[in-house]
Number of protein chains: 4
Amino acid sequence: MSGNTIGKLFTVTTFGESHGPGLGCIIDGCPPGLELDAADLQRDLDRRKPGTSRFTTQRREADEVRIMSGVFEGRTTGTAIGLLIENTDQRSKDYSNIANTFRPAHADYTYNHKYGFRDYRGGGRSSARETAMRVAAGAVAKKYLLSRYGIEVRGYLAQLGPIRAARLDWEQVDANPFFCPDKDAVPELEAYMAALNKEGNSIGARINVVASNVMPGLGEPVFDRLDADIAHAMMGINAVKGVEIGAGFACVEQKGTEHRDLLTPEGFVGNAAGGVLGGISSGQDITVSIALKPTSSIRQPGATIDTEGRAMEMVTHGRHDPCVGIRATPIAEAMLAIVLLDHVLRHRGQNADVQCATPAIPAARREDDAGGSAG
Amino acid sequence: MSGNTIGKLFTVTTFGESHGPGLGCIIDGCPPGLELDAADLQRDLDRRKPGTSRFTTQRREADEVRIMSGVFEGRTTGTAIGLLIENTDQRSKDYSNIANTFRPAHADYTYNHKYGFRDYRGGGRSSARETAMRVAAGAVAKKYLLSRYGIEVRGYLAQLGPIRAARLDWEQVDANPFFCPDKDAVPELEAYMAALNKEGNSIGARINVVASNVMPGLGEPVFDRLDADIAHAMMGINAVKGVEIGAGFACVEQKGTEHRDLLTPEGFVGNAAGGVLGGISSGQDITVSIALKPTSSIRQPGATIDTEGRAMEMVTHGRHDPCVGIRATPIAEAMLAIVLLDHVLRHRGQNADVQCATPAIPAARREDDAGGSAG
Amino acid sequence: MSGNTIGKLFTVTTFGESHGPGLGCIIDGCPPGLELDAADLQRDLDRRKPGTSRFTTQRREADEVRIMSGVFEGRTTGTAIGLLIENTDQRSKDYSNIANTFRPAHADYTYNHKYGFRDYRGGGRSSARETAMRVAAGAVAKKYLLSRYGIEVRGYLAQLGPIRAARLDWEQVDANPFFCPDKDAVPELEAYMAALNKEGNSIGARINVVASNVMPGLGEPVFDRLDADIAHAMMGINAVKGVEIGAGFACVEQKGTEHRDLLTPEGFVGNAAGGVLGGISSGQDITVSIALKPTSSIRQPGATIDTEGRAMEMVTHGRHDPCVGIRATPIAEAMLAIVLLDHVLRHRGQNADVQCATPAIPAARREDDAGGSAG
Amino acid sequence: MSGNTIGKLFTVTTFGESHGPGLGCIIDGCPPGLELDAADLQRDLDRRKPGTSRFTTQRREADEVRIMSGVFEGRTTGTAIGLLIENTDQRSKDYSNIANTFRPAHADYTYNHKYGFRDYRGGGRSSARETAMRVAAGAVAKKYLLSRYGIEVRGYLAQLGPIRAARLDWEQVDANPFFCPDKDAVPELEAYMAALNKEGNSIGARINVVASNVMPGLGEPVFDRLDADIAHAMMGINAVKGVEIGAGFACVEQKGTEHRDLLTPEGFVGNAAGGVLGGISSGQDITVSIALKPTSSIRQPGATIDTEGRAMEMVTHGRHDPCVGIRATPIAEAMLAIVLLDHVLRHRGQNADVQCATPAIPAARREDDAGGSAG
């Protein structure tokens with residue numbers, strides 16, 4: 001199957017360019033009987049939506065989603081769910097600048113080499129706008145996971161440039177435009193972003209996502225391990241350059257005695273594993289951390305080439321997020337939820353008969369640490 | 001498709017437990033006409049093979065591979081290639097200890113919860129021995145990529161615990177049992193490993209892999225981006241907890257002006273992108289870095305539970321790698337080669353007609369840095 | 001991947017219920033650079049559209065398709081193509097009859113058992129209306145195949161109840177509402193259908209589809225043979241109960257001397273193979289024949305049960321095709337085109353390097369026979 | 001995924017040429033806990049094995065299968081099951097005749113055009129020998145279906161050339177070398193085959209396969225309908241040219257009143273549907289009928305061309321089945337079982353929660369008719 005589909009049993013296929021008529025997706029394999037209406041999706045879409053604070057792009061999109069199929073009398077029917085968002089902010093604009101130049105560190109150059117030409121309006125298919133549909137589809141997955149199994153998927157901003165969230169207070173995450181779980185860091189973030197805007201520059205970020213109440217048993221070794229499929233989904237988000245599960249890169253300097261999570265009848269001791277052992281969920285929280293690069297759409301000029309291969313200088317004007325990481329929190333949550341639901345269904349398919357004699361042990365009673373690497 | 005297959009057009013499907021009759025794989029979709037014999041595979045298998053130095057497990061396996069199909073008169077025929085390694089080191093042994101206990105931080109607990117029971121001999125399917133077949137399949141991919149396109153895939157140990165390779169000398173990589181590209185670090189590594197063995201402990205590592213001479217255009221947005229599929233393949237290797245492309249997690253603290261690789265007619269300036277822009281290869285070197293956890297099979301006792309859920313203490317005896325990262329270099333190379341070839345074929349399938357008017361610009365003339373994050 | 005997607009490289013994923021807000025599909029993997037606009041799709045949609053003659057259902061649907069993405073400045077960009085048809089004929093209607101009863105020989109009973117409940121309005125997802133999107137996607141495939149390779153995919157009504165087309169005149173196919181290639185059979189068909197309508201009954205049909213100018217080499221043994229994938233696509237059309245390639249079931253009584261198509265430098269002698277040998281196209285015309293059952297939505301009463309399992313009698317009123325086979329011609333063409341394009345891309349992916357020393361020999365100079373089995 | 005894999009959740013991937021070192025397959029996704037040993041597979045392999053009667057090829061193959069992985073202490077573990085049959089009858093032989101000529105109506109010509117060259121020894125990958133692995137994998141599926149759900153999959157020879165089985169007596173099927181369910185037809189078949197052998201000719205056949213006790217609900221509309229996936233699997237068997245479900249091509253001449261199976265609380269009335277409505281199993285028997293062409297390997301000379309494109313005459317000597325349909329019965333059973341198990345797992349994955357309020361009604365009490373079309 002081609003590259004615009006993710007998942008094996010619960011699949012999400014998307015289409016849409018930032019300045020075309022609209023965006024859409026097809027969710028296939030959703031279990032029937034789930035209560036669902038557009039408001040369930042809109043909630044997360046609004047969290048991702050641009051223009052909600054002065055720290056994100058001022059491009060305005062209604063991002064109003066319609067459910068086109070697969071829901072009847074308020075419940076999913078088990079057939080394909082079609083979603084549609086029509087683009088409303090298609091203001092006519094002069095793209096001649098962008099049309100013949102490759103913005104440095106963008107997909108312009110690579111799309112041209114792959115396909116011979118590209119839809120250059122607003123980044124076309126490579127625009128971050130594409131992720132709206134991931135968020136909508138993720139909201140469906142989240143709702144099923146939570147209502148059927150009590151699995152909760154939540155994310156937050158762990159670091160933005162030099163500023164780390166020093167504590168994880170879930171209540172705070174949606175109380176500020178940064179998805180920052182540390183109230184005290186918010187003024188610092190505001191000041192930093194203001195200075196960055198002035199400078200015409202951008203900055204990277206780290207987002208952590210956690211799934212709790214996950215049953216043991218999800219993941220399909222040896223290639224479709226749960227962590228492998230999570231890495232695939234996360235690295236496939238625009239601007240992501242790194243993915244960690246559990247201790248992540250910190251394990252390079254850890255000894256076995258430090259890293260291994262011991263097991264006791266009362267629970268795992270620690271969660272360096274990030275909830276995955278041998279590629280299969282252990283029942284501990286699944287903890288994922290991702291790195292997002294600073295956008296290259298900045299007001300400072302940079303060397304580049306045009307479509308004929310000649311040297312140019314490029315300055316990006318217009319409405320861009322100075323930190324794409326900020327709005328990535330709902331996207332990362334969505335991707336994790338999609339992967340988890342896909343694996344729930346795959347696991348049920350093969351192992352519906354399985355009864356494990358051993359009782360599942362409780363998740364780790366670890367102290368949450370919001371900064372640094374995942375979990 | 002189920003979890004033991006990787007790839008869409010160039011696919012690798014594996015089977016085999018560490019103490020069963022043997023390991024095997026089926027490579028499907030290999031282009032026809034490639035000169036191939038068992039020796040091509042044996043070379044990389046020998047690099048991965050245990051027992052080759054005193055710093056790896058002393059378990060001895062001939063790891064002798066046979067090509068069972070798909071090659072005729074010395075060339076691949078385009079049909080499925082069957083590979084087989086029969087296990088020779090199946091010494092009878094008392095597994096009663098392991099049978100009823102979950103080794104901490106191993107897949108024992110999760111396999112039991114997924115499947116209801118498990119083949120506990122030597123880790124069964126979750127044994128690192130499974131990766132032999134990845135290496136064999138990767139050797140096929142490597143050979144095609146190199147002979148047809150000049151693409152070279154090479155890896156090395158970038159860090160082991162606190163010790164970093166300070167320089168990247170490709171000549172050195174195969175000249176020491178650590179795949180360390182820095183000759184001067186080798187004595188330090190030897191001393192560190194000796195102390196570790198004495199301690200009965202284990203240590204994590206970082207492996208870097210680089211693909212050079214990759215054409216621009218590989219990768220299938222939005223979900224099967226090249227970096228996403230690389231992350232999937234890498235995170236699916238035993239013990240891997242983190243994956244970076246290019247600057248990786250360093251980008252969290254980078255500004256746009258620092259991170260973006262400018263374009264000039266003479267080449268990219270820098271390679272923070274790690275060779276992938278918008279999920280598509282740019283022609284720069286593809287640089288990947290992975291973190292491998294310290295094995296949990298150590299001689300120091302640790303708390304765990306048995307299959308009835310009762311508290312136990314576990315000490316692992318036997319032949320185990322104190323640093324599984326060491327032998328991971330050929331595995332990581334194999335996985336990268338498999339992903340690249342799969343994407344070459346996918347790209348040819350869709351875009352065989354494409355002529356890009358813009359000439360491909362040279363890869364970055366960056367100074368290689370062996371330590372730290374990828375590339 | 002779930003059941004609403006077809007294809008591996010050129011994939012089509014559809015959604016939509018007959019009485020919901022609309023129908024849509026996502027075409028993924030379409031080669032870039034193909035000139036395409038909505039009119040290209042509308043032509044085939046209009047051929048399939050209901051209400052165009054008195055021999056098909058009088059349900060009226062504008063079936064106006066919009067291209068939502070993947071086309072820029074009149075050419076496909078290589079990214080996902082979103083298509084949308086909004087339903088316009090959603091007249092409010094009393095469905096209470098159908099809601100609690102299973103129409104005999106319909107999908108009502110099976111959808112309920114699979115999903116627990118169903119969207120019963122107009123058949124919901126199992127409505128023939130779903131095939132509109134196949135036709136739209138097939139039009140894209142047809143256009144690429146024809147413009148890039150000269151491959152032409154055409155179908156016709158070979159038999160309707162007892163009436164067979166006695167000759168194959170391609171010019172006639174679109175000149176009558178039956179897609180009948182035999183002008184002389186048309187009055188007979190008209191009379192037969194009029195009598196059938198009076199009777200309140202329905203009738204089966206046979207449709208033949210032919211692809212010409214297909215290059216040798218398409219098909220992926222051993223499971224995704226070209227004929228196997230064609231059978232999958234054809235049997236997946238509503239109401240199809242049988243699929244033949246070439247001689248089809250006639251081969252049961254053929255001897256080897258009769259069946260085998262001899263090869264001469266001037267061409268194949270005959271085409272009993274239907275253009276596929278060993279699962280791979282031979283360069284002969286690909287000839288496919290399918291059987292479509294008579295619709296069960298007839299005005300004659302029939303025994304059935306209600307959703308509580310009690311005996312009922314059912315009479316279907318409303319706008320139904322008395323011969324669903326009539327409108328199946330463009331659908332069958334679409335499915336064949338989709339399969340062929342998918343296999344063209346798969347073949348290019350693996351075998352881009354292949355040069356066959358033997359020149360392709362001409363397709364069979366057989367006399368076309370329109371009736372009976374395919375080819 | 002490439003063409004040597006079938007299935008989505010229960011997948012079978014095969015390799016092997018008729019005259020290479022061996023054949024093998026990997027079964028992935030098999031539910032754990034199934035009691036399994038090699039004898040379970042050997043039973044069906046022996047039914048398919050050549051050389052068991054004078055009406056099939058005298059080529060002798062031990063066809064002894066080894067289970068290489070995925071089974072521990074007599075039960076499947078849920079991990080990949082590797083199967084291996086080493087070829088034993090590799091007598092050295094002069095293939096120069098075949099090497100440079102295309103046998104008419106064989107895959108020789110098409111393999112060459114696809115891959116540039118081919119393994120010509122005994123047909124290589126296109127040999128019927130390849131089907132041994134399907135039979136082995138099918139035996140696993142059959143055992144699970146029967147032991148877990150009581151689903152039984154059985155086939156028989158319905159017609160051979162002009163001779164039809166006039167009655168269906170399951171007891172007789174394995175009592176004669178033709179898998180003929182009609183004892184009285186056996187002497188006739190023997191006489192016919194003897195004459196055919198003398199003539200140096202071959203003949204086509206029709207095989208019927210029936211699955212009984214199938215639960216309603218299997219199948220994934222709109223493309224992976226159960227009947228569509230069955231058609232894919234069946235048409236992918238060597239020499240198959242046609243597939244019917246239920247009434248099959250007979251429905252072309254049926255009216256709605258004849259074709260539709262009415263529903264009563266006591267059961268379906270008739271089974272024209274062949275157990276599938278709207279692409280989903282109904283609980284009726286699933287009845288499939290396939291047409292197999294006469295082999296083209298006959299002793300009568302035929303025109304062909306050589307690899308340079310020059311006219312030649314070809315006479316096939318050696319050990320060939322004069323009716324490949326005879327040995328196809330266990331193969332067709334295997335393919336149906338594989339498809340059914342795959343769909344059981346897919347259905348469980350998505351619809352594990354579903355409770356249908358309507359009780360399943362009994363399968364049709366139809367009179368079995370062995371000849372003619374399926375069911």
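Me: How many residues of chain B are in contact with how many residues of chain A?

Reply: In this predicted model, 120 residues of chain B are in contact with 120 residues of chain A.

Me: And how do I put a size on that interface?

Reply: Interface size is often given as the accessible area lost when the parts come together. Here chain B and chain A bury about 9,200 Å² between them, with 62% of that area on carbon and sulfur atoms.

Me: Which three residues supply more than any other three of the area that chain B buries against chain A?

Reply: Those are B:Lys114, B:Phe223 and B:Lys241, which together supply 10% of the area on the chain B side.

Me: What about charged and polar pairs? How many salt bridges are counted between chain B and chain A?

Reply: The count is 8 salt bridges. In one example, the side chains of B:Glu253 and A:Arg164 meet with N to O at 3.5 Å, and this pair qualifies because the limit for a salt bridge is 4 Å. Polar contacts are counted too: there are 63 such residue pairs between chain B and chain A, both residues being at pLDDT 80 or more. As for where the touching side of chain B comes from, helix H3 (residues 108-115) of chain B gives the largest share, 7 residues. By residue class, that side divides into 53 nonpolar, 43 polar and 24 charged.

Me: Let me try the other interface. What should I read for chain C and chain A?

Reply: Contact comes first: 45 residues of chain C meet 46 residues of chain A. Then area: about 3,600 Å² is buried between chain C and chain A, and carbon and sulfur atoms give 62% of it. Then pairs: the rule finds 2 salt bridges across this interface, including the one between C:Glu86 and A:Arg66, whose closest N and O atoms are 3.2 Å apart.

Me: Which element gives the most to the side of chain C that touches chain A?

Reply: Several elements each supply at least two residues, among them strand S3 (22-28), strand S7 (81-86) and helix H3 (108-115) of chain C. S2(C) gives the most, with 5 residues. The residues on this side of chain C divide into 16 nonpolar, 18 polar and 11 charged.

Me: What does A:Ser296 touch, and is A:Ser296 buried or exposed?

Reply: A:Ser296 touches A:Pro104, A:Ala105, A:His106, A:Thr316 and, from chain B, B:Arg260. A:Ser296 is buried, with a relative accessible area of 3%.

Technical notes. Residues numbered from 1 in each chain as written. Chains lettered and ligands numbered in written order. Predicted model: local features only at pLDDT ≥ 70, side-chain atom pairs only at ≥ 80, totals over all residues. Heavy atoms only, no water. Buried < 20%, exposed > 50% of the residue type's maximum accessible area, 1.4 Å probe, protein only. Contact = heavy atoms within 4.5 Å. Buried area = accessible area lost by both parts, 1.4 Å probe. Helix = DSSP H or I, 4+ residues; strand = E, 2+ residues; numbered from the N terminus. Nonpolar A, V, L, I, M, F, W, Y, C, P; charged D, E, K, R; others polar. Polar contact = N/O pair within 3.5 Å; in protein donor to acceptor, adjacent residues only side chain to side chain. Lists of a residue's contacts leave out its neighbours within four places in sequence.
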